[in-house]
Amino acid sequence: MHGSQTMTAELINGIAERLQSLSGDRGFDVLVCPPSPYLGTAKPLCVDAGIALGAQNVNPHQQGAYTGEIALPMLTDFGCDYVLLGHSERREIYGETDPEVAEKFAACVAETSSVIPVLCIGETLEQRQAGDTENVIDLQLDAVLQVTGIAGFARAVIAYEPVWAIGTGETATPEQAQQVHQFIRNKLSALDSSIAGKLQILYGGSMKPGNAAELLAQTDIDGGLIGGAALQADSFAGICEAAHALSA
């Protein structure tokens, strides 16, 4: 929940300018998810820059008496390509449950929707310290699998957010991040190896220009879900440049 129309335009234009300086094929995808009031400001700028547009949340219902909520057809009307689901802040601050997130996911992967869900999963510091990481990930994924089956992940993205490594002073090593990403892929691969092999799994634990290359070099880390570093064009573009160097 940052910014203004001016900041949104300056940020996207700043990212676009840095992306234009990259030689050859970009080799990676770029997605920005501004606050919903600024989706209309962002869309034409994203189109010009070859950047995908996403929203930060959605209601699973198509329409109705849900004051203050945003429906998938509204996101489509704004030209959104993606939407974040179950972000750690939505889960912690607003109490979104695994079944509620799964309901939103199911709505996104239904035939009537063209918006790709980015399913955010991850454990808290307390859960990490208790050795519950894999159990938490299991429960979060199982809630979705029970509703859509593995087929739901054929048109989806997963973002692993180790909540314990965001603003706590704790940091996840590339090896720790890879271990969880591998667990996620192996779990889904047991159900459908083709879907699991093609699935993008992003890392959302305070990726920055300084650690992006080492994280992105891990076998099962396919990209980043960027938080604070995305509020400045230079830092976000620095992560993009690290991805470009690895794809060359």
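This is a predicted model: local features need pLDDT of at least 70, side-chain atom pairs count only at pLDDT 80 or more; totals for chains, interfaces and linings use all residues.
Before the structure itself, one definition: a residue is called buried when its relative accessible area is under 20%, exposed when it is over 50%, and partly exposed in between, using a 1.4 Å probe and protein chains only. I will need that for Asp-220, which counts as buried at 9% relative accessibility.

Residues are numbered from 1 along each chain as its sequence is written, and side-chain values use heavy atoms, with hydrogens and water left out.

Overall picture. The protein has eleven helices and seven strands; these are DSSP runs numbered from the N terminus, H or I of at least four residues for helices and E of at least two for strands. Its radius of gyration is 17 Å, close to the 18 Å that the globule rule gives for 248 residues, so the protein is as compact as a globular protein of that length. That radius is taken over C-alpha atoms, and the rule is 2.2 Å times the number of residues to the power 0.38. Along the principal axes, the C-alpha trace spans about 45 × 40 × 35 Å.

Of the 248 residues, 48% count as buried.

What is the order of its strands? The sheet is open, has seven strands, and runs E1-E2-E3-E4-E5-E6-E7 with parallel pairing. Two strands pair if DSSP finds at least two bridges between them. E1, residues 31–32, and E7 are the edge strands, each pairing on one side only.

Let me walk across from E3. Strand E3, residues 82–85, is joined to E4 by four bridges, in parallel, and Val-83 has Pro-117 in E4 as its bridge partner. Five of the six residues of E4 are buried, so this strand is largely enclosed by the rest of the structure. On its other pairing, E4 is joined to E5 by four bridges, again running parallel; there Ile-121 is partnered by Tyr-160.

E5, residues 157–160, then pairs with E6, residues 200–203, in the parallel sense over four bridges. Val-157 stands opposite Gln-200, and Ile-158 has Ile-201 as its partner.

E6, helix H10 (residues 209–216) and E7 form a right-handed β-α-β unit. Right-handed here means that, with the strands pointing away from the viewer, the path from the first strand over the helix to the second runs clockwise.

Two loops belong to that unit. The loop between E6 and H10 holds Ser-206, which has a positive phi of about 60° although it is not a glycine. Most residues other than glycine have a negative phi. Ser-206 is partly exposed, with a relative accessible area of 26%.

The loop between H10 and E7 holds Asp-220. Setting aside residues up to four places away in sequence, Asp-220 touches Gln-178, His-181, Gln-182, Arg-185 and Ile-201.

His-181 sits in helix H8, residues 174–189, and is buried at 0% relative accessibility. Beyond its neighbours within four places in sequence, His-181 contacts Tyr-160, Ile-201, Leu-202, Tyr-203, Asp-220 and Ile-221.

Last, helix H7, residues 133–148. At 1.5 Å a residue its 16 residues should span 22 Å, and the end C-alpha atoms are 23 Å apart, which agrees; the expected span is 1.5 Å times one less than the number of residues. Which elements do the buried residues of H7 pack against? They pack against H4 (88–94), H5 (98–109), E4 (116–121), H6 (125–129), E5 and H8. Among those buried residues are Val-136, Ile-137, Leu-141, Val-144 and Leu-145. Gly-149 follows H7 and has a positive phi, near 70°.

Key:
Contact means heavy atoms within 4.5 Å.
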